[in-house]
Amino acid sequence: SIMKNCIGKELSKIPMPVNFNEPLSMLQRLTEDLEYHELLDRAAKCENSLEQLCYVAAFTVSSYSTTVFRTSKPFNPLLGETFELDRLEENGYRSLCEQVSHHPPAAAHHAESKNGWTLRQEIKITSKFRGKYLSIMPLGSIHCIFHATGHHYTWKKVTTTVHNIIVGKLWIDQSGEIDIVNHKTGDKCNLKFVPYSYFSRDVARKVTGEVTDPSGKVHFALLGTWDEKMDCFKVQPVVGENGGDARQRGHEAEESRVMLWKRNPLPKNAENMYYFSELALTLNAWESGTAPTDSRLRPDQRLMENGRWDEANAEKQRLEEKQRLSRKKREAEAMKATEDGTPYDPYKALWFERKKDPVTKELTHIYRGGYWECKEKQDWTSCPDIF
């Protein structure tokens, strides 16, 4: 009955009970993109930029593998909420996310690895609810930079669709195209996510791709599914009958097949744990020393994880009301400032700075630094009180 009232509306503005949620926030969900970080470690070691692009493409696809059965929605983070994941010792990377805008909801993410790469993104989620299905369109670019070569890749995410919202069993599909561009060399990879069709004989959740150099010549073909694995084939042009280039024949390509990525199996009893992966299961585990704005400390999410539904719903209302009051206060200050002519700064993120991206020319939030230094000193005086 809640969903029926939402048809055609922008879903981020509708207060939903926690009963639709999984016990993770959108910031933690964004951090899950790093589950297959070793693909970027491998890409950083590639000497050939076109091979590197194959691994970046596999990494792009791998971020969808956790979504197949995950039909619950993550918590919409509060403005100023953060989530850190420090895996420097185990995996060589650490990651920080911050909710930088509330309407539209937007999160900035910065991860860097001592294995030679930096990943950053700002994702705004827009959604459209059409009754039978819900479409989720993430806007914003993802950047991956390799330190040794300066190769700088960007791409955007595809549309996620949740089907059977009102009647039937929920299921999820990804569809659309992704263009990954290497801004230094001009190499490109075009990935196509084929939408599921009841009538098609094709493999479900199929992804195909081509890696091309700046002249448009295809060097690698990619094939796989977004929930299982991705392979790549080297494309050797074969001289065609009338002297022109023809593509290599299938059985010859088979010899050059390389498996780029394979999904980690889900943990035992995953169906009783929101279908979380091994990584997702650890994300909400309490850690000492994180910022007071960290998602792990979010009370409604913790109550819900512990199965205390009514308390969680009451707590969610309290947090949203608190967020509303601080917005009203900011708006009142803005009004006052404009009256007496003092320049007024609207909401500013704490760890990220809004500026024009030098590569994509979009306005985006880029990490300004300082978080890990504050953590070391345990100096969180600049953090807002959001919980």
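This is a predicted model: local features need pLDDT of at least 70, side-chain atom pairs count only at pLDDT 80 or more; totals for chains, interfaces and linings use all residues.

Reply: Residues are numbered from 1 along each chain as its sequence is written, and side-chain values use heavy atoms, with hydrogens and water left out.

Me: What does the secondary structure of the chain come to?

Reply: Helices (H or I, at least four residues) and strands (E, at least two) are DSSP runs, numbered from the N terminus. The chain has nine helices and 20 strands.

Me: How is the radius of gyration to be read?

Reply: The radius is taken over C-alpha atoms, and the globule rule is 2.2 Å times the number of residues to the power 0.38. For 387 residues a compact globule would have a value near 21 Å; the chain has 22 Å, which agrees.

Me: Is strand 4 mostly covered or uncovered?

Reply: A residue is buried under 20% relative accessible area, exposed over 50%, and partly exposed in between (1.4 Å probe, protein chains only). In strand 4 (residues 93–101), eight of the nine residues are buried. For the chain, the buried share is 49%.

Me: Which strands pair with strand 4?

Reply: Two strands pair if DSSP finds at least two bridges between them. Strand 3 (residues 82–87) runs antiparallel to strand 4, with six bridges, and Leu85 stands opposite Ser95. Strand 5 (residues 106–113) is also antiparallel to strand 4, over eight bridges; here Cys97 faces His109. Four residues lie between strand 4 and strand 5 in their hairpin.
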